[in-house]
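Biologist: I would like to learn how to read a model like this. Please take me through the features one by one.

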Amino acid sequence: MEITSLFNRESIKNIFFILIGTLLSSIGINMFIVHAKLLSGGVSGIALIIQYLTKFPAGYTIFLLNIPLLILSYKKVNLRFTIFTIIGTVSLSLFLVLTYAIKNILHINDPLLLSLYGGVLNGLGMGIVFSNHGSTGGLDIISVIVKKKYDNFEIGHISFIVNFFIVAIGAIFFGLTSALYTLVSMYITSYMVDKTIKGFNRQKMVLVVTDKVEEVSKEIMTTLKRGVTLLHGEGAYTKENKKVLYSIVSLTQLPQLKLIVHQIDENAFISILDVAEVHGKGFMRELF
């Protein structure tokens with residue numbers, strides 16, 4: 001892939017939101033997680049352990065640990081993934097250093113509250129990064145490489161193993177209570193990442209049964225700029241052949257689609273289903 005092909009409008013928007021996401025994540029880590037002396041998952045967790053024990057800023061450690069992984073990513077994955085990972089890694093490292101003093105703003109010493117809010121903000125930031133095809137390196141790079149080589153390997157296994165050791169080390173050095181609160185924060189972070197990604201990419205599958213197939217499908221394609229597929233069906237009772245419109249639209253486009261259908265055929269039958277992921281033209285693209 002040519003580097004110049006990455007600098008289009010969509011990629012610039014992705015990079016902007018990757019920066020926003022890493023900033024939010026950095027604030028969540030420094031303001032809440034570091035304030036409570038908790039850990040996070042992956043390379044960030046390792047960097048925080050080093051920071052607590054040696055006072056060496058986690059941002060620098062994250063950057064240093066990712067250098068060999070980024071080189072490996074360039075050789076084993078692809079250019080786009082590597083460039084977006086470099087942007088995510090460098091921005092996270094930089095923002096962690098720049099927001100380090102923010103932990104002094106809060107005067108709350110409730111570890112439960114700090115773990116909850118730290119997990120929410122960190123997860124929201126990471127979710128924004130992932131939603132824009134970004135990555136912050138570390139386990140993401142390892143997971144992608146292993147997945148490409150061993151297709152049946154579950155990526156979640158790597159994260160589980162690494163995070164288990166991080167929590168175990170945290171329990172040894174900082175006590176069992178801190179380790180347990182870290183687990184709470186990790187769970188909230190994971191939950192928020194999942195919800196954020198689904199929230200930004202919520203799509204709906206729509207099935208429309210209408211006698212005015214041509215008019216409805218043309219209006220959907222013209223107004224919403226979404227593709228329509230015609231499925232052949234048969235009424236179980238009437239035995240009549242019917243064409244069923246199949247289309248995928250974003251959540252924000254759904255009210256407009258229903259209005260279009262009902263304006264053309266008020267007797268049309270519409271079925272709407274949730275869609276977990278959509279890949280293809282006009283929708284989320286695979287990063288690697």
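Modeller: Start with the elements: helices (H or I, at least four residues) and strands (E, at least two) are DSSP runs, numbered from the N terminus. Over residues 56-74 the chain is 89% helix and 0% strand, with end C-alpha atoms 28 Å apart. This is a predicted model: local features need pLDDT of at least 70, side-chain atom pairs count only at pLDDT 80 or more, and totals for chains, interfaces and linings use all residues. Residues are numbered from 1 along each chain as its sequence is written, and side-chain values use heavy atoms, leaving out hydrogens and water.

Biologist: Which residues does the UniProt annotation "transmembrane region" cover?

Modeller: The unreviewed UniProt entry gives 15-36, 56-74, 81-102, 114-134 and 155-174. UniProt positions are in the numbering used here, feature names are shortened, and annotations may be inferred rather than shown by experiment. Take residues 81-102: the span is 82% helix and 0% strand, and its end C-alpha atoms lie 31 Å apart.

Biologist: How many helices and strands does the protein chain have?

Modeller: There are 10 helices and four strands. From the N terminus on, the order is α-α-α-α-α-α-α-α-β-α-β-β-α-β.

Biologist: How do I read helix packing?

Modeller: Two packed helices are described by the angle between their axes and the distance between the axes. Axes are lines fitted to C-alpha atoms, for helices over the stretch in contact; angles run from 0 to 180 degrees between N-to-C directions. Here H1 and helix H4 (residues 79-98) pack at about 35°, with axes 8 Å apart. Contact means heavy atoms within 4.5 Å. Among the residues making this contact are Ile15, Ile18 and Leu19 of H1, and Phe84, Ile87 and Gly88 of H4.

Biologist: How many aromatic pairs does a search of the whole structure find?

Modeller: Six. Rings of Phe, Tyr and Trp (its six-membered ring) pair if their centres lie within 6.5 Å; planes under 30 degrees apart count as stacked, over 60 as edge-to-face and the rest as tilted. Phe32 and Tyr117 have ring centres 6.0 Å apart and planes at 25°, so this pair is stacked. Phe32 lies in helix H1 (residues 9-33) and Tyr117 in helix H5 (residues 111-131), so the pair ties together parts 85 residues apart in sequence. Phe173 and Phe174 make a tilted pair, 6.2 Å centre to centre with 45° between the planes. Tyr52, Phe173 and Phe174 form one aromatic cluster.

Biologist: Is Phe32 buried or exposed?

Modeller: Buried means under 20% relative accessible area, exposed over 50%, partly exposed in between (1.4 Å probe, protein chains only). Phe32 has 12%, so it is buried. Of the 288 residues of the protein chain, 45% count as buried.

Biologist: What about salt bridges?

Modeller: Side chains of opposite charge can pair when their charged atoms come close. The rule is a side-chain nitrogen of Lys or Arg within 4 Å of a carboxyl oxygen of Asp or Glu. The count is two. Asp274 bridges to Lys204, with the closest N and O atoms 2.1 Å apart. Asp274 lies in strand E4 (residues 269-275) and Lys204 in strand E1 (residues 203-209), so the pair ties together parts 70 residues apart in sequence. Asp274 is exposed at 63% relative accessible area, whereas Lys204 is buried at 12%.

Biologist: And the other bridge?

Modeller: Asp211 and Lys242 meet at 3.3 Å, N to O. Asp211 is exposed at 67%, and Lys242 is partly exposed at 29%.
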